[in-house]
Amino acid sequence: MVGRPRGFDPEERLERALEVFWRHGYEGAALADLTAAMGLNRPSLYAAYGNKESLFRKAVDRYLAGPARHIGGAPDEATGRAAAERLLRGAVEVVVARDHRGCLVTQGALATGEQGEPARAELAARRRAGLERLRERLERAQADGDLARDVDAADLARFVTTVSYGLSVQATDGATREELHAVVDLAMRAWPV
């Protein structure tokens with residue numbers, strides 16, 4: 001027996017879920033908010049995306065492939081410095097978009113109750129993976145002679161990601177694009193020679 005074909009575009013509905021999670025965070029996004037935004041009833045949502053946690057994971061994947069694609073592309077830059085700058089400049093553009101919501105990966109489940117723990121752990125793991133990719137890129141920069149060998153690549157990667165997370169918090173407090181780019185300018189002036 002073949003099921004009835006879906007009468008909706010799953011990618012378009014996932015984009016709607018992303019908007020809800022980005023605006024409200026994991027715990028703040030009630031199932032009623034998600035079903036209303038997606039135009040689906042609960043059984044259809046579960047059939048298409050699984051539970052709320054699974055939907056959140058898919059929305060984060062969509063976020064990283066779409067609005068925050070600079071994160072995945074930064075290690076492809078020609079130099080370690082260019083990779084770091086792409087991460088920071090890209091972060092500014094994402095965090096001031098859509099009513100200064102900040103970064104979904106940074107703030108989407110930073111503090112949660114027990115039920116939100118899997119989402120918090122998921123985002124923490126993704127942040128650690130991003131930090132590791134940047135550290136590896138900076139070590140490659142050292143091997144290429146693009147970054148001094150006496151620089152601790154792990155510390156520098158942590159510095160860059162900490163600035164990136166701070167940009168997100170500043171954006172949610174209303175900092176402008178210009179103000180945030182000024183922070184990036186200052187961070188890049190601190191780049192080791």
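F21 is buried, with a relative accessible area of 0%. Buried means under 20% relative accessible area, exposed means over 50%, and partly exposed lies in between, with a 1.4 Å probe and protein chains only. This is a predicted model: local features need pLDDT of at least 70, side-chain atom pairs count only at pLDDT 80 or more, and totals for chains, interfaces and linings use all residues. Residues are numbered from 1 along each chain as its sequence is written, and side-chain values use heavy atoms, with hydrogens and water left out.

A pair of aromatic rings is described by the distance of the centres and the angle of the planes. Rings of Phe, Tyr and Trp (its six-membered ring) pair if their centres lie within 6.5 Å. Planes under 30 degrees apart count as stacked, over 60 as edge-to-face, and the rest as tilted.

The whole structure holds 4 aromatic pairs. One of them joins F21 and Y26. Their ring centres are 6.2 Å apart and their planes stand at 10°, so this pair is stacked. Both F21 and Y26 are buried.

What kind of aromatic pair do F21 and F56 form? The pair is edge-to-face, at 5.0 Å centre to centre and 75° between the planes. It links distant parts of the chain. F21 sits in helix α1 (residues 10–28), F56 sits in helix α4 (residues 52–65), and the two are 35 residues apart. F56 counts as buried at 1% relative accessibility.

Together, F21, Y26 and F56 form one aromatic cluster.

## The chain as a whole

The protein chain has 10 helices and 0 strands. Helices (H or I, at least four residues) and strands (E, at least two) are DSSP runs, numbered from the N terminus. Along its principal axes, the C-alpha trace spans about 65 × 40 × 30 Å. Of the 193 residues in the chain, 44% are buried.

## The largest pocket

A pocket is found on a 1 Å grid over the protein atoms alone. It is an open set of points where a 1.4 Å probe fits, with protein on both sides within 12 Å along at least five of seven lines. Lining residues have an atom within 4 Å of a point. Grid points are joined across faces, edges and corners, and a volume is the space filled by probe spheres set on the points.

The largest pocket holds about 370 Å³ of space. Its lining has 24 residues, and the closest to its centre are I71, L87, G130, S164 and Y165. Which helices supply at least two lining residues each? They are α4, α5 (69–73), α6 (80–100), α7 (104–107), α8 (117–143) and α9 (153–172). Helix α8 gives the most, with 6 residues.

By class, the lining has 16 nonpolar, 5 polar and 3 charged residues. Ala, Val, Leu, Ile, Met, Phe, Trp, Tyr, Cys and Pro count as nonpolar, Asp, Glu, Lys and Arg as charged, and the others, Gly among them, as polar.

## Two spans from the record

UniProt, in an unreviewed entry, places a "DNA-binding region" at residues 30–49. In the model this span is 80% helix and 0% strand, with its end C-alpha atoms 15 Å apart. The unreviewed entry also places a "coiled-coil region" at residues 121–151. Here the span is 74% helix and 0% strand, and the end C-alpha atoms lie 30 Å apart. UniProt positions are given in the numbering used here, feature names are shortened, and annotations may be inferred rather than shown by experiment.

| Residue | Relative accessible area | State |
|---|---|---|
| A157 | 0% | buried |
| V163 | 16% | buried |
| R62 | 24% | partly exposed |
| A182 | 42% | partly exposed |

A157 is in helix α9, and V163 is found in helix α9 too. R62 belongs to helix α4. A182 is in helix α10 (residues 177–189).

Sequence distance and C-alpha distance can be set side by side. V163 and V184 are 21 residues apart in sequence and 8.0 Å apart in space. R62 and W22 are 40 residues apart in sequence and 11 Å apart in space. A182 and R16 are 166 residues apart in sequence and 32 Å apart in space. For A157 and D33, 124 residues apart along the chain, the separation is 37 Å.
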